[in-house]
Amino acid sequence: MSELTLTVMRLGFLAVLWLFVIVAVQVIRSDLFGTRVTQRGSRREAARPQQAQRQQAPPQQRQQSAGGRRGRNAPTKLVVSEGTLTGTTVALQGQTITLGRAHDSTIVLDDDYASSRHARIYPDRDGQWIVEDLGSTNGTYLDRSRLTTPTPIPLGAPIRIGKTVIELRK
Amino acid sequence: MSSTTNSPTHHTSTIGSIGTPSRRNTELALLVFAVVIPVFAYANVGLAINDELPAGLLGYGLGLGLLAGVGHLAVRKFAPYADPLLLPLATLLNGLGLVAIWRLDQSKLLQQIGQAGGKATNQLIYTALGIALFIAVLVFLKDHRTLQRYTYISMVGALFLLLLPLVPGLGADITYGAKIWIQVGSFTIQPGEFAKIVLAVFFAGYLMVKRDALALASRRFMGLYLPRGRDLGPIIVVWMISILILVFETDLGTSLLFFGMFIIMLYVATERTSWIVFGLLMSAAGAVGVASFEPHVQTRVQAWLDPMHEYLLSRNGSNDGIVHSEQAMQALWAFGSGGTLGTGWGQGHSELIRFAANSDFILATFGEELGLAGVMAILLIYGLIVERGIRTSLAARDPFGKLLAVGLSGAFALQVFVVAGGVMGLIPLTGMTMPFLAYGGSSVIANWALIGILIRISDTARRPAPAPAPNPDAEMTQVVRPS
């Protein structure tokens, strides 16, 4: 075997060995897991350019920015207008909002008359916001009527849960 | 699992969990890589020594690949969320060890003195047994917390294993200094390698229960937390045992390994720096004390302080009745002649170390043929295994798993340090084996079991957490009564 071949193999082997180590370290880098905390402010800014180019956006993204497509009448935030959480707002970004006393609810109600998982508010396929009662003890009221089925929410209509009243605003 | 905290102001943030993918395909890709590298090395050795591709290349490559593949399938089936790196890293080290042993098998010199020939085949069989034990651990150890039940049985078992070599008739009569082997039929077994794992189980179970007493009941004195006298009991007992090992088995490495592992786990369990200070002081006192009257330990220290002197004594003969070792100097020469990039596979002369060239001194072969660059890579691979072990410990949800993972990876790290440090002349040489690289059945089998337990713990640790209980709120919802 020529000297040259052996030298090439010797250096090649070391290179391959180090390549393995580097790949292994890369795997560790991509192996992080745990929880991710996203600042709401930066996410909203990131969402804006997405709305601007929604014509090219793939269908999944379009569904997220459905609020923008519905034009002026689409609500952008959920406001608590009565109850202990009066003044709380939650931006509507296509995510489901759960309401109840359970700790993992989007809006944790400190209200003896609310159930753990009381109601949820979510956008349907057209971007229309729907409120649904989740089998609560005391019921969810839209305007004056108790909900029996998932119902679209008109802008500004009060939704009453126990002592808390929320509404959707632009 | 996304929830939004709400408050009147707008600086809310979203907390979502990043999914824990099972990473099995990453493991498979790395595993293929880890099998290809030793095959390349094997071909390289054949080309360098005999000018042709070795005849066993296909069988050897297939053998290693098959073992790795079976191991991978077992992980896929029984520990789907396990760490993706542990198995490939161990496979690579094991494969490189096989190549180095095969390369030393080719040496005429070692064949003449009966230190070589067919050892690579034996090692491949040991590797198969090791993988079998690895799979058995994954299959039968469904949850590492079951080991917690056997805390005190483990203690008795570990002591039994450690004392086996001292039993007359059972202890192997291969007095290369240390009495750490037992003879069963035609096999010699090193029970200390298995005792390492069993002892880690005992320490983890014991410290999990006692750590509060050890950590909190202490007085502060000169910036150190002094533990109460009665809490010092266990550390003194372990210290005595390791000293006894040192005296009766004259095995510095095993004694250091056990005591060091206990100190590491004690520190992790209690977060008290004073234990490390105590541990260092006690081990220093013990080592100095024993070295002052044990001739075997004295020789090792002499060879460490002045290897050239020992080499000359060994060559020219000495009349003090003590066996002098020329290996320490020879290992240093091997590293020296390797230089930065090494001589290349099969082109070094590490067979000149003769005795134990393929076991305790195998790192010298790597140092000569792969040079500094290769040894650094190998030490990094060991480091990555230890890192994954400690990462597993961080991620584990139960204290027993945390302590067991840190104990096992600590023992692994200590063993690498003791052997590599000894061969390189950083600390006195001890008779221990480089995990996975060195020739020896007990070492390979025990270390595969160790990797198996780490994979089991990491599978439990990385498994997505079960969903929270459906109704976390204790109070009932009040019912509105129409008035």
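**Strands first, then helices**

Mentor: Happy to, and keep in mind that this is a predicted model. Strand β2 (residues 77-82) of chain A is joined to β3(A) by three bridges, and the two run antiparallel.

Trainee: Which residue stands opposite Thr89(A) in β3(A)?

Mentor: That's Val79(A).

Trainee: And what order do the strands of that open sheet come in?

Mentor: The order is β3-β2-β12-β11-β8-β9 in chain A, six strands with antiparallel pairing. At the edges stand β3 (89-91) and β9 (145-146) of chain A; each has a single partner strand, so one side of each is left without a neighbour in the sheet.

Trainee: Okay, switching to β7(A). Which strands does β7(A) pair with?

Mentor: Strand β6 (residues 119-123) of chain A is joined to β7(A) by five bridges, running antiparallel. Strand β10 (residues 151-152) of chain A also pairs with β7(A) in the antiparallel sense, over two bridges.

Trainee: Who stands opposite whom there?

Mentor: Ile121(A) is opposite Val131(A) in β7(A), while Ile130(A) is opposite Pro152(A) in β10(A).

Trainee: Which residues of β7(A) are on the covered face, and which on the uncovered one?

Mentor: In strand β7 (residues 129-133) of chain A, the covered face has Trp129(A), Val131(A) and Asp133(A), and the uncovered face has Ile130(A) and Glu132(A). In a regular strand, side chains alternate between the two faces of the sheet.

Trainee: What about the hairpin of β6(A) and β7(A), how many residues lie between the strands?

Mentor: Five, and Gly127(A) in that hairpin takes a positive phi near 90°.

Trainee: Now chain B. How many helices and strands does it have?

Mentor: Chain B has 17 helices and six strands. Of its 483 residues, 49% are buried.

Trainee: How do α7(B) and α9(B) pack?

Mentor: Helix α7 (residues 191-216) and helix α9 (residues 252-270) of chain B pack at an angle of about 30°, their axes 9 Å apart. With under 35 degrees counting as roughly parallel, α7(B) and α9(B) are therefore roughly parallel to each other.

Trainee: Is their crossing left-handed or right-handed?

Mentor: The crossing of α7(B) and α9(B) is right-handed.

Trainee: Which residues meet there?

Mentor: From α7(B), the residues include Leu199(B), Phe203(B), Leu207(B) and Arg211(B); those they meet in α9(B) include Leu257(B), Phe258(B), Met261(B) and Met265(B). By class, this contact of α7(B) with α9(B) has 14 nonpolar, three polar and two charged residues.

Methods: Residues numbered from 1 in each chain as written. Chains lettered and ligands numbered in written order. Predicted model: local features only at pLDDT ≥ 70, side-chain atom pairs only at ≥ 80, totals over all residues. Axes fitted to C-alpha atoms, helices over the stretch in contact; angles between N-to-C directions. Helix = DSSP H or I, 4+ residues; strand = E, 2+ residues; numbered from the N terminus. Parallel < 35°, antiparallel > 145°, perpendicular 65-115°, else oblique. Left-handed = near helix turned anticlockwise from the far one by under 90°. Contact = placed C-beta atoms within 7 Å. Nonpolar A, V, L, I, M, F, W, Y, C, P; charged D, E, K, R; others polar. Buried ≥ 20, exposed ≤ 12 C-beta atoms within 10 Å, placed from the backbone. Pairing = 2+ DSSP bridges.
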